[in-house]
Amino acid sequence: MKKFGFALLGTACVALSGCGAVNNVINSVIPEVDNLVKLNGTTVDATVGSGRAVISGNVSKSAEFGDTELPQVSQLRTMRLRQSLDTAIQVTMPSGKSLPASFSLSNIALRIRLSDSDARASEASATFAGPVTYTRDGTTSTYRTTTPVEVGNITFSNTAFSTARDIITTAPSPNSANGRLSFDTDDTQLPNGTVLRFTFVEGKAKVEL
């Protein structure tokens, strides 16, 4: 990432009373960072394992990423991450169970925890409420949805942002990103022992005033 010279405009904002419009202008020209925490393309398997009528899946995936520059604005105080799930899910049913025609997931939550070997850590989370319906692709074990799942507005702010920024931009390296995914579903559609394989895609990061 290249550094961006917004410091002068940012300083001008401090001198203004009610500078929200100026902040919006600055934010609009700060570029997004693609795949900052390197989860894109990684898969995670969630195994259904509850006897309740509504069950929860909870599974995590870790990835490493190196130190990188972020846009340089003196008043930066927020970083927002958004991470999508691929529209296709691979499903493996327990022995003796048939694949359903469709199933739904709701309350799809993603928590991102950033850390490094200096014991610095920062985390934030957000939820895609749904529900999202996945439909079987022919006679395969692939299920697809026409509603892309983007867990957006995973917001690091104030102290959480300061720590996240330091992890991302300063030694030591590599750093670690842990994405913990959870969701609710109906066990009449997906019985205990069902395995759902998700793929993370389209990860974006945006720093803002």
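Modeller: What follows describes the cavity, then a core, and then some backbone details.

This is a predicted model, in which local features need pLDDT of at least 70 and side-chain atom pairs count only at pLDDT 80 or more, while totals for chains, interfaces and linings use all residues. Residues are numbered from 1 along each chain as its sequence is written, and side-chain values use heavy atoms, with hydrogens and water left out.

Searching the whole structure gives one cavity of 30 Å³ or more, where a cavity is a set of points, on a 1 Å grid over the protein atoms alone, at which a 1.4 Å probe fits but cannot get out. The largest cavity holds about 60 Å³ of space, a volume being the space filled by probe spheres set on the points, which are joined across faces, edges and corners. Its lining, meaning residues with an atom within 4 Å of a point, consists of Asn-35, Leu-36, Val-37, Leu-81, Arg-82, Gln-83, Ile-112, Gly-203 and Lys-204. The elements that give two or more residues to this lining are β4 (78-85) and β12 (195-208), strands here being DSSP runs of E with at least two residues and helices runs of H or I with at least four, numbered from the N terminus. Strand β4 supplies the largest share, three residues. By class the lining has four nonpolar, three polar and two charged residues, where Ala, Val, Leu, Ile, Met, Phe, Trp, Tyr, Cys and Pro count as nonpolar, Asp, Glu, Lys and Arg as charged, and the others, Gly among them, as polar.

Leu-36 of the lining is also among the residues that Met-79 touches, as are Leu-114 and Phe-156, contact meaning heavy atoms within 4.5 Å. Met-79, Leu-114, Phe-156 and Phe-198 touch the most other members of the largest nonpolar core, which has 47 residues; such a core is a set of buried Ala, Val, Leu, Ile, Met, Phe, Trp, Tyr and Cys residues joined through side-chain atoms within 4.5 Å, with buried meaning under 20% relative accessible area, exposed over 50% and partly exposed in between (1.4 Å probe, protein chains only). Strand β6 (residues 102-115) gives this core its largest share, six residues.

As for the backbone, Asn-158 is found in the loop between β10 and α3, and its phi is near 55°, a positive value in a residue other than glycine. Asn-158 is exposed, with a relative accessible area of 55%.

Notes: 1 Å grid on protein atoms, 1.4 Å probe; cavity = no way out; pocket = protein on both sides within 12 Å on 5 of 7 lines; lining within 4 Å. Lists of a residue's contacts leave out its neighbours within four places in sequence.
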